[in-house]
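These are my notebook entries on one structure. I set down what I looked up, entry by entry.

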Amino acid sequence: MSQIKLKAEIDERREIHIQLPKNVPIGTIDLTIEYHDPAEKQPAMTREEIRRRLLEGGVLSTHRYAPENAVELSTGEAERIGRLIANPARSTWDYINEDREDRI
């Protein structure tokens with residue numbers, strides 16, 4: 001027995017229109033409809049729940065500060081970077097690749 005799982009929306013007239021792929025054989029099928037009650041929607045996760053899940057998954061960054069050897073940008077350097085970003089003729093990726101080439 002082969003199975004095909006479909007998702008569908010029921011319209012206002014309580015109808016579903018499905019066109020099956022050509023490789024589905026003609027014959028008898030068993031159809032089960034599992035509907036989701038809108039009243040049973042799960043509540044939105046809290047910030048704490050999201051942080052807990054991210055931490056458990058190992059993808060939550062807990063570093064809140066720059067490294068100890070970090071140096072603050074000078075005003076001139078910050079302005080230069082701002083002018084680079086404001087140039088629509090080049091993408092950010094162009095600047096990143098150019099910067100990486102200098103270090104390779």
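In which segment is isoleucine 4 found? I located isoleucine 4 in the segment before helix H1 (47-56); helices (H or I, at least four residues) are DSSP runs, numbered from the N terminus.

I noted that this is a predicted model, in which local features need pLDDT of at least 70 and side-chain atom pairs count only at pLDDT 80 or more, while totals for chains, interfaces and linings use all residues. Residues are numbered from 1 along each chain as its sequence is written, and side-chain values use heavy atoms, with hydrogens and water left out.

I looked up pLDDT, the predictor's confidence in each residue, from 0 to 100. The protein chain has a mean of 84, and 98% of its residues reach 70 or more. Confidence is highest in H1, at 93, and lowest in helix H3 (residues 92-103), at a mean of 82.

I then turned to salt bridges (a side-chain nitrogen of Lys or Arg within 4 Å of a carboxyl oxygen of Asp or Glu). The structure holds six. In one of them, glutamate 56 meets arginine 52 at 2.5 Å, N to O. These two residues are four apart in helix H1, so about one helical turn separates them.

I checked accessibility next: buried means under 20% relative accessible area, exposed over 50%, and partly exposed in between (1.4 Å probe, protein chains only). Glutamate 56 is exposed at 60%, whereas arginine 52 is partly exposed at 37%.

Glutamate 15 also pairs with arginine 13 in a salt bridge, their closest N and O atoms being 3.0 Å apart.
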